[in-house]
Amino acid sequence: MEDLQTTSVRRDGSRWKPEFIESIDQTKCLGCGRCYKACAHNVLTLIELEDEDDDDMNRSVMTIASSGQCIGCKACSKSCPKNCITHAA
């Protein structure tokens with residue numbers, strides 16, 4: 001089977017290996033939307049989670065909407081203040 005490992009070349013000739021989004025830790029996520037704004041490929045979306053302790057309180061968190069659109073740039077995790085996004089090669 002052919003190895004589908006992707007490696008790119010930057011303008012200066014150096015090699016770069018993309019790391020694609022794998023998961024978001026929703027227990028850490030603030031729902032601030034910074035990662036959503038940083039991603040130009042519609043990989044993420046905001047959802048509401050119901051608070052189990054309070055029926056009137058919902059909290060928004062980010063989730064992966066389309067992992068297949070990820071280009072592996074890690075712009076989302078670089079903008080996340082809580083470091084809750086995991087990537088894999």
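How many salt bridges does a search of the whole structure find? The count is 1, taking a salt bridge as a side-chain nitrogen of Lys or Arg within 4 Å of a carboxyl oxygen of Asp or Glu.

Before I get to that pair, some housekeeping. What you're looking at is a predicted model, where local features need pLDDT of at least 70, side-chain atom pairs count only at pLDDT 80 or more, and totals for chains, interfaces and linings use all residues. Residues are numbered from 1 along each chain as its sequence is written, and side-chain values use heavy atoms, with hydrogens and water left out.

Okay, the salt bridge. Glu19 pairs with Lys74, and their closest N and O atoms are 3.6 Å apart. Glu19 sits in the loop between strand 2 (15-16) and strand 3, while Lys74 sits in the loop between strand 5 and helix 2 (75-79), so the pair ties together parts that are 55 residues apart in sequence. When I say helix or strand, I mean DSSP runs numbered from the N terminus: H or I with at least four residues for helices, E with at least two for strands. Glu19 is partly exposed at 30% relative accessibility, and Lys74 is partly exposed too, at 27%. For those words, buried is under 20% relative accessible area, exposed is over 50%, and partly exposed is in between, with a 1.4 Å probe and protein chains only.

Ser77 is in helix 2 and is buried, with a relative accessible area of 15%. Leaving out residues up to four places away in sequence, Ser77 touches Ile85 and His87; touching, or contact, means heavy atoms within 4.5 Å.

Ile85 brings us to the inside. The largest nonpolar core has 13 residues, and Ile21, Ile24, Leu44 and Ile85 have the most contacts inside it. Strand 3 (20-24) and strand 5 (58-64) are the elements that give two or more residues to this core. By nonpolar core I mean buried Ala, Val, Leu, Ile, Met, Phe, Trp, Tyr and Cys residues joined through side-chain atoms within 4.5 Å. Take Leu44: beyond its neighbours within four places in sequence, its contacts include Ile21, Ile24, Cys35, Met62 and Cys76.

Now, the cysteines. How many disulfides does a search of the whole structure find? The answer is 0, with a disulfide being a pair of cysteine sulfur atoms within 2.5 Å. For Cys35, the nearest cysteine sulfur belongs to Cys29, 6.2 Å away. For Cys84, the nearest is that of Cys80, 3.6 Å away. Cys35 is buried, at 8% relative accessible area, and Cys84 is buried at 5%.

Out at the surface, Glu48 in strand 4 (residues 44-50) is exposed, with a relative accessible area of 57%. Glu48 touches Asn58, Arg59 and Ser60, again not counting residues up to four places away in sequence.

Last thing, a bit of backbone. Most residues other than glycine have a negative phi. Here, though, Asn42 has a positive phi, near 55°, and Asn83 has a positive one near 50°. Asn42 is in the loop between helix 1 (34-38) and strand 4, and is exposed at 59% relative accessibility. Asn83 is in the loop between helix 2 and strand 6 (85-88), and is exposed with a relative accessible area of 56%.
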